[in-house]
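The following paragraphs lead the reader through a protein structure, moving from one region to the next. Please keep the sequence and the 3D view at hand while reading.

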Amino acid sequence: MFDYPVILAPDEGTVLVTFPDVPEAITFGADTDEALLQAVDALESALSFYVDDRKPLPTPSKPKRGQHTVRPSALECAKLGVYRAMTEQGIKKSELARRLGWHMPQVDRLFDLRHASRLDQIEAAARALGRHVEVSVS
C-alpha cells in the first residue's frame, strides 16, 4: 500500500536516493544498502509533512522491473492508512476525536509519525472510520 519506488544514482562517492512520487524525500548512503536504509527515514519524514499540512498522501507509482521500493515501518504504515481513510472520507481530526471520545492531543499524537502510538489506538481509530488494521508477515 505504501511501497514507493526509488531512484538510486551514484553521486560523488555516495548513492543518492530520490522518490519520483515524493519529491520531498531525498537522502543518500555510502552504498546501496545504506542508501535504502536511510531512504526509510527520509520517506517517513517527507510523508509526515503531508500529514502535518493535512494534504492527501501521494499515491505510489508502479515500480519498473527491478526497481527498488521503500515503505515506512509497519507502525507508520498503519498510522498512514488511518490518515488516508480519514482524508478520503473528508473527516477532520476533531470529528475523529469526537467519535473516539479522545482529546485532540491524543489524536495529534496518533498521526505523529515520530510518536510510538499503541497498535490498539490505531485499531480503534480505524474502526471509528469503518476500517480495520491487518498485520501480516511475509
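Just after helix 5 comes Gly-130, whose phi is positive, at about 75°. The model under discussion is a predicted one.

With that starting point in view, the whole chain may be considered. The protein chain contains five helices and five strands, and, read from the N terminus on, its elements follow the order β-β-β-β-α-β-α-α-α-α. Its C-alpha atoms fill a box of roughly 55 × 30 × 25 Å along the principal axes. The chain has 138 residues, of which 39% count as buried. Among contacts between residues at least 6 apart in sequence, 56% join residues at least 24 apart.

The chain is divided into two parts, domain 1 (4-70) and domain 2 (74-129). The centres of domain 1 and domain 2, taken over C-alpha atoms, are separated by 24 Å. Contact between the two involves 13 residues of domain 1 and eight residues of domain 2.

Three strands form an open sheet, in the order 2-3-4, with antiparallel pairing. Strand 2 (7-11) and strand 4 (26-29) stand at the edges; each has a single partner strand, and therefore one side of each is left without a neighbour in the sheet. From one strand to the next, the twist averages 30°. In general, the strands of a sheet pair through backbone hydrogen bonds, in either a parallel or an antiparallel manner.

The pairing of strand 2 with strand 3 can be followed residue by residue. Five bridges join strand 2 to strand 3 (residues 14-18), and the two run antiparallel. Leu-8 has Val-17 in strand 3 as its bridge partner, while Pro-10 stands opposite Val-15 in strand 3. The hairpin of these strands has two residues between them, and in this hairpin Glu-12 takes a positive phi near 50°.

Helix 1 lies across strand 2, strand 3 and strand 4, and runs at about 150° to strand 4. Glu-44 is found in this helix, which spans residues 32-52. Is Glu-44 buried or exposed? Its relative accessibility is 15%, and because the limit for a buried residue is under 20%, Glu-44 counts as buried. Leaving aside neighbours within four places in sequence, Glu-44 is in contact with Pro-72, Ser-73, Glu-76 and Leu-113. Of these, Leu-113 is 69 residues away along the chain, yet the C-alpha atoms of Glu-44 and Leu-113 are separated by 7.1 Å.

Attention now turns to the nonpolar interior. In soluble globular proteins, nonpolar side chains tend to be buried together. The largest nonpolar core here has 40 residues, and those that touch the most other members are Phe-19, Val-22, Leu-47, Leu-57, Leu-96 and Phe-111. At least two residues of this core come from each of strand 3, helix 1, helix 2, helix 3, helix 4 (104-110) and helix 5 (119-128). Helix 1 gives the most, with nine residues. The core also draws at least three residues from each of domain 1 and domain 2.

Phe-111 and Tyr-83 are arranged edge-to-face, with 5.8 Å from centre to centre and 70° between the planes. Since Tyr-83 lies in helix 2 and Phe-111 in the loop between helix 4 and helix 5, the pair ties together parts that are 28 residues apart in sequence. Both Tyr-83 and Phe-111 are buried.

The last stop is Lys-92, in the loop between helix 2 (74-88) and helix 3 (93-100). Lys-92 has a relative accessible area of 61%; because exposed means over 50%, this residue counts as exposed. Lys-92 and Arg-54 lie 38 residues apart in sequence, and their C-alpha atoms are 9.2 Å apart in space.

Terms used
Residues are numbered from 1 along each chain as its sequence is written. This is a predicted model: local features need pLDDT of at least 70, side-chain atom pairs count only at pLDDT 80 or more; totals for chains, interfaces and linings use all residues. Side-chain values use heavy atoms; hydrogens and water are left out. Helices (H or I, at least four residues) and strands (E, at least two) are DSSP runs, numbered from the N terminus. Buried means under 20% relative accessible area, exposed over 50%, partly exposed in between (1.4 Å probe, protein chains only). Contact means heavy atoms within 4.5 Å. Two strands pair if DSSP finds at least two bridges between them. Axes are lines fitted to C-alpha atoms, for helices over the stretch in contact, and angles run from 0 to 180 degrees between N-to-C directions. A nonpolar core is a set of buried Ala, Val, Leu, Ile, Met, Phe, Trp, Tyr and Cys residues joined through side-chain atoms within 4.5 Å. Domain bounds come from an automatic or database domain assignment. Rings of Phe, Tyr and Trp (its six-membered ring) pair if their centres lie within 6.5 Å; planes under 30 degrees apart count as stacked, over 60 as edge-to-face and the rest as tilted.
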